[in-house]
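Subject: Structure handover

Hello,

Here is the structure I promised to pass on. Please open it first, then read the notes below it.

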Amino acid sequence: MKKNLLTEEEVKKELGITDFRAISKEKIVHFVSLMPKIDKELAVKAIE
């Protein structure tokens, strides 16, 4: 993936999930590795 992920839907699509509440441990690791590419406000919202 080359571009930054700007929307919640783009991040969920990249992780292969439909809802952040259903995220698995390995998806969390993937999410953390994507953090530099994710909009700051979206990353905070997803963590909450």
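Start at alanine 46. Setting aside neighbours within four places in sequence, alanine 46 touches Phe20 and Phe31. Please keep in mind that this is a predicted model.

Where does alanine 46 sit? It is part of helix α3, which covers residues 40–47. Alanine 46 has a relative accessible area of 19%. The cut-off for buried is under 20%, so alanine 46 counts as buried.

Now to helix α1, residues 8–15, where valine 11 is found. Is valine 11 buried or exposed? Its relative accessibility is 0%, so valine 11 is buried. From valine 11 to serine 33 there are 22 residues in sequence and 12 Å in space, C-alpha to C-alpha.

Lysine 12 belongs to helix α1 too. It counts as buried because its relative accessibility is 10%. Which residues does lysine 12 contact, leaving aside neighbours within four places in sequence? The list is Ile17, Thr18, Asp19 and Phe20. Phe20 therefore turns up in two contact lists: that of lysine 12 and that of alanine 46, with contact meaning heavy atoms within 4.5 Å.

Next, the chain as a whole.

- Secondary structure: there are 3 helices and 0 strands. Read from the N terminus, the order is α-α-α.
- Extent: the C-alpha trace spans about 25 × 20 × 15 Å along its principal axes.
- Burial: of the 48 residues in the chain, 25% are buried.
- Contacts: take the pairs at least 6 apart in sequence. Of these contacts, 35% join residues at least 24 apart.
- Surface: the accessible area comes to about 3,800 Å². Carbon and sulfur atoms account for 56% of that area.
- Charge: the chain carries 10 positive and 9 negative side chains. The centres of the two sets are 4 Å apart.

Valine 11 and lysine 12 are in helix α1, while alanine 46 is in helix α3.

Best wishes

Methods:
Residues numbered from 1 in each chain as written. Predicted model: local features only at pLDDT ≥ 70, side-chain atom pairs only at ≥ 80, totals over all residues. Heavy atoms only, no water. Helix = DSSP H or I, 4+ residues; strand = E, 2+ residues; numbered from the N terminus. Buried < 20%, exposed > 50% of the residue type's maximum accessible area, 1.4 Å probe, protein only. Areas by Shrake-Rupley, 256 points an atom, 1.4 Å probe, with all protein chains shown as cover. Lys, Arg positive; Asp, Glu negative; His and termini not counted. Charge placed at Lys NZ, Arg CZ, Asp CG, Glu CD.
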